[in-house]
Amino acid sequence: MRISIRFKWTALISIVILMAYIFVGILAMRTVQSVASVNEIHSFTTKLIIGGVVVFILGVVLTFYAVTLVLNDLRKINKTIDDLNKKPDSDSRIKLRKRNDEIYDLTVNINKMLDRMQAYTNQQKEFVEDVSHELRTPVAVLEGHLSMLQRWGKDDPEVLNDSINSSLQELKRMQSLIQEMLDLTRVEQIDSAYLEQTTEVKPMFTQVYNDFKMLHPDFVINFDDDIREGSEVKIYRNHLEQVLVILLDNAFKYSADRKEINLAASTNSALLEVVVQDYGLGIAKNDLKRIFNRFYRVDKARSRKRGGNGLGLSIAKRLIEIYHGSLEVESVVGSGTVFKIELPLIQKVPEEEQTEKEATENNQATNNQK
């Protein structure tokens, strides 16, 4: 048999009030008996009993009312959760009057958690829809070529060769898409051990610059290196390199007539600042807010021809944010695009200060031993 928490707490608190009143009444009766007459004792006893009944009834009513107020808030929370269980994509939230107590704090935290869960659910839904959409085209192309070959194309060497080449191209695109989806999944589940890794900036940038210079001999690549020797950032080397490769790869892909790329990296007292600039197609203002979304491409037809799946920038943005940095973009259509990265530098204690600090610690240790 289920008993409401309202009655449980009302009964418990009322019993506590009654027991406390009886205890005080007994003490009062002993005091009165030692100093008062029989009639006065009888009159006091009557008043004590009447007062006890009144206090008990008031205690029951006030306790019942207070518990009911609390339970009404909990009922609203429970109703909202029931609504969300019935309809997970609902935007229902707990609505309580603002006040400074624990239940209001609880509702605020629950609403924040529900917002995060809904955002995650929406992202997963969009992700599945986008993946389905992206895979539908290459699968349809493969199916079309194979059907054609099965019917009559295999007897025509030219058609057979074209179909095989087109099928291989679509398979490579599917392979690229699957690899990028795996990269994106890994980004969302980075092992905590990677978060403690550090990278010396200068050698890594030099390596990436030399690699792209070799891969794109037809481009002019300007590298403005203003990195202080020994500068380090708290990021796994492969992740920082992956971000740079994504941004530079996009810069080369979307460069039009002017084959020139600018890569600049500098350090100040607190930050590593990186700029990747191209003079290519540029991005419209309305698209700038969405280019970091998964599978978003400014021009899907042109992006597909260039081999883009719309996941690279999402991966880059997420990686930089995980390591407490920022990735911003500025662009003008027809003039080019600039990506800017900022990452916090590891603050190193100067050698003299470190020596002085170690000496102080050694002296303190010696004094403690004495």
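User: Hi! I'm new to this one. How many helices and strands does the protein have?

Analyst: Welcome! In this predicted model, the protein has 10 helices and 7 strands.

User: And what share of the residues is buried?

Analyst: Of the 370 residues, 33% count as buried. The protein exposes about 24,100 Å², and carbon and sulfur atoms supply 56% of that area.

User: What share of the contacts comes from residues 24 or more positions apart?

Analyst: Counting contacts with a separation of 6 or more, residues 24 or more positions apart account for 68%.

User: Let's go inside. How many residues are in the largest nonpolar core?

Analyst: That core has 44 residues. Those with the most contacts inside it are Phe205, Val233, Leu247, Leu327, Phe339, Ile341 and Leu343.

User: Which helices and strands supply at least two residues each?

Analyst: Three helices do: α5 (201-215), α6 (237-253) and α9 (312-322). On the strand side there are β4 (260-267), β5 (271-278), β6 (326-332) and β7 (336-344).

User: Which of them gives the most?

Analyst: That would be α6, with 8 residues in this core.

User: Where is there another core?

Analyst: Another core, of 8 residues, lies apart from the largest one. Among its members are Ile94, Leu96, Ile103 and Tyr104.

User: Back to Phe339. What is it in contact with?

Analyst: Leaving aside neighbours within four places in sequence, Phe339 is in contact with Leu247, Val274, Val275, Val276, Ile291, Phe292, Leu313, Leu327, Glu328 and Val329.

User: You mentioned α6. At what angle does it pack with α9?

Analyst: The angle is about 145 degrees, and the axes are 9 Å apart. The crossing of α6 past α9 is left-handed.

User: Which residues meet there?

Analyst: From α6 come His239, Gln242, Val243, Ile246, Leu247 and Asn250. They meet Gly312, Leu313, Ile315, Ala316, Leu319 and Ile320 in α9. By type, the residues of this contact divide into 8 nonpolar, 4 polar and no charged.

User: How about α5 and α6, what's the angle there?

Analyst: α5 and α6 pack at about 35 degrees, with their axes 11 Å apart. Here the crossing is right-handed. On the α5 side the contact uses Met204, Phe205, Gln207, Val208 and Phe212. On the α6 side it uses Arg237, Leu240, Glu241, Leu244, Val245, Leu248, Asp249 and Phe252.

User: And how do those residues divide by type?

Analyst: The contact of α5 with α6 has 9 nonpolar, 1 polar and 3 charged residues.

User: Is α9 mostly covered or mostly open?

Analyst: Mostly covered: 9 of its 11 residues are buried. The buried ones are Gly312, Leu313, Ser314, Ile315, Ala316, Lys317, Leu319, Ile320 and Ile322.

User: What follows α9?

Analyst: His324 follows α9, in the loop between α9 and β6. It has a positive phi of about 65 degrees although it is not a glycine. As background, most residues other than glycine have a negative phi.

User: Is His324 buried or exposed, then?

Analyst: His324 counts as exposed because its relative accessibility is 68%, and the cut-off for exposed is over 50%.

User: New topic: where does Ser231 lie?

Analyst: Ser231 lies in the loop between β2 (220-226) and β3 (232-233).

User: Why does Ser231 count as buried?

Analyst: Its relative accessibility is 4%, so Ser231 counts as buried; the cut-off is under 20%. Leaving aside neighbours within four places in sequence, Ser231 is in contact with Thr199, Glu200, Val201, Thr267 and Leu345.

User: Last stop: where is Asn238 found?

Analyst: Asn238 is in helix α6 and counts as partly exposed, at 42% relative accessibility. Its C-alpha atom is separated by 9.9 Å from that of Tyr194, 44 residues apart along the chain.

User: And Val53, which helix is that in?

Analyst: Val53 lies in helix α2, residues 38-86. Val53 is partly exposed, with a relative accessible area of 44%. The C-alpha atoms of Val53 and Tyr21, 32 residues apart along the chain, are separated by 9.9 Å.

User: Great, thanks for the tour!

Technical notes: Residues numbered from 1 in each chain as written. Predicted model: local features only at pLDDT ≥ 70, side-chain atom pairs only at ≥ 80, totals over all residues. Heavy atoms only, no water. Core = buried A, V, L, I, M, F, W, Y, C linked by side-chain atoms within 4.5 Å. Buried < 20%, exposed > 50% of the residue type's maximum accessible area, 1.4 Å probe, protein only. Helix = DSSP H or I, 4+ residues; strand = E, 2+ residues; numbered from the N terminus. Contact = heavy atoms within 4.5 Å. Axes fitted to C-alpha atoms, helices over the stretch in contact; angles between N-to-C directions. Left-handed = near helix turned anticlockwise from the far one by under 90°. Nonpolar A, V, L, I, M, F, W, Y, C, P; charged D, E, K, R; others polar. Areas by Shrake-Rupley, 256 points an atom, 1.4 Å probe, with all protein chains shown as cover.
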